[in-house]
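Q: Could you take a close look at one residue on this chain and its setting, and then walk me through a few others for contrast? I'd like the cut-offs spelled out as you go.

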Amino acid sequence: MSFQFSERVPKNDSDPVGDILKVAGSPDVISFAGGLPAPELFPIEALKKVTNEVFDESGREALQYASAIGYPALRQQIAQRMNKQGIKATVDNIMITTGSQQSIDITAKMFINPGDTVIVEKPTYLCALDVFRSYGAHIVGVEMDEDGMKMDQLEKAVAENSNTKFIYTIPNFQNPTGRTMSAERREQMIEIANKYDIMIMEDDPYGAIRFAGDDIEPVKFYDKEQRVIYLSTFSKILAPGLRLGWIVMNKDLMPKYSVMKQSADVHSDNLTQHIVAKFMSEYNIDEHVDKIRKVYRQRENVMMAAIEKYFPAGVNYSHPEGGLFIWVEVPGDVDTIKLFNTCIKHNVAFVPGEPFYPDKVTPGTFRLNYSNMSEDQIQTGIERLGSAIKETIEQNETSSVAQH
């Protein structure tokens, strides 16, 4: 039998990132590939306690069907957090989703017609690119520097693509680069969106995990025309396995979002929503986030010191003030997949840069994660990685000489 797939299904079954993670999952390999939080920081005992309380106090309600927009008590708690961050919101502006990945998917499905343009940072979150492509979007990448997306290039991209539906941005400790957009550029992004009457999808899974520098208000803070759709998640501040995220939107959009959500999964896990709401009512989640920040600050410091010690001269890398990632750029037109294979021989792994690019790939780029490995593993892994980079650069230079 031949299957007649829709246009949004990939034409082949290749999964390069999945293949990389399988190889990186070998017990002998120190892997900086996944975007995984530190599992030892999950509040297991507290979650066990509040789960039992939910069953005792409201088990029947928690196990029943529920509203697509989410558990009111949890939405109220999120609204309070949003207001502390400078985003004016009530429960009427907030929908609970099955992780921020669903937030991206529902928003894309709601706004993108085939051929519509979505403008993204270059590079950007690879799973967002997959979503936009699945709905037939024309994706335009805008170059970044250490202060985030370049606004002159953003305006040029918007002006050249009159069918732009929205700008997708990860302004805080961006995945994959770890960069943070400056406050000035956030304001400029709003000005461009207002000028051209387009929307902004602000994806902020990492913003709470700032361990250096000063907080910067969300892009939505500067939004006076209600054109920013803000996304966040409990995955990085509590546990990713809970699969709970949220959307903050203009309340006039809620009926549309509710219909889109119902068509996807009726509602996000009701029991988990009750558990997280109970956790937030009994425990100070900000104190928990502080523990995460302290651990990640130390691991990032260890990785940065090791990079400075073991990486060859000329290798560039980002200097994140929070989040989970460091972005590395190796000079000399290095084939990143060849570098990855060399690293595996040295029993260390990263995620190559290719999947993060919407169009032309910058060679020699890759992402490192520092949140999931111990300090000793980071030291050893970066030393191995430095040796692999030197070996690959030398091979590249030898090959270039031979060709000439």
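A: Happy to! Asp147 counts as partly exposed because its relative accessibility is 39% (buried is under 20% relative accessible area, exposed over 50%, partly exposed in between; 1.4 Å probe, protein chains only). This is a predicted model, where local features need pLDDT of at least 70 and side-chain atom pairs pLDDT 80 or more, while totals for chains, interfaces and linings use all residues. Residues are numbered from 1 along each chain as its sequence is written, and side-chain values use heavy atoms, leaving out hydrogens and water.

Asp147 sits in the loop that links strand S4 (138-145) to strand S5 (148-149) (helices, H or I with at least four residues, and strands, E with at least two, are DSSP runs numbered from the N terminus). Together with Glu184, Glu187 and Glu191, Asp147 forms a negative surface patch. Patch residues have over 30% relative accessible area and no salt bridge, with like charges joined within 9 Å and nonpolar side chains (Val, Leu, Ile, Met, Phe, Trp, Tyr) within 5 Å. Areas are Shrake-Rupley with a 1.4 Å probe, only the protein chains shown counting as cover for residues; a salt bridge puts a Lys or Arg side-chain nitrogen within 4 Å of an Asp or Glu carboxyl oxygen. Asp and Glu count as negative, Lys and Arg as positive, and His and chain ends are not counted; charges are placed at CG of Asp, CD of Glu, NZ of Lys or CZ of Arg.

For a nonpolar counterpart, Met1, Phe3, Phe5 and Val9 make a surface patch of about 530 Å². Phe5 lies in the segment before helix H1 (16-24) and counts as exposed because its relative accessibility is 60%.

Another loop residue is His267, between helix H8 (254-265) and helix H9 (270-282). His267 counts as buried, since its relative accessibility is 14%. A polar atom of the His267 side chain lies 3.1 Å from the backbone nitrogen of Ala66. In helix H8 we also find Ala264, partly exposed at 43% relative accessible area. From Ala264 to Lys88, 176 residues away along the chain, the C-alpha separation is 28 Å.

Now to strand S3 (residues 117-122), where Glu121 lies. Glu121 is buried because its relative accessibility is 1%.

Finally, Gln76 belongs to helix H3 (residues 72-84) and is partly exposed, with a relative accessible area of 37%. Gln76 and Ile106 are 30 residues apart in sequence, and their C-alpha atoms are 22 Å apart in space.

Notes: A polar contact is a pair of N or O atoms within 3.5 Å; within protein, one must be able to donate a hydrogen and the other to accept it, and residues adjacent in sequence count only if both atoms are side-chain atoms.
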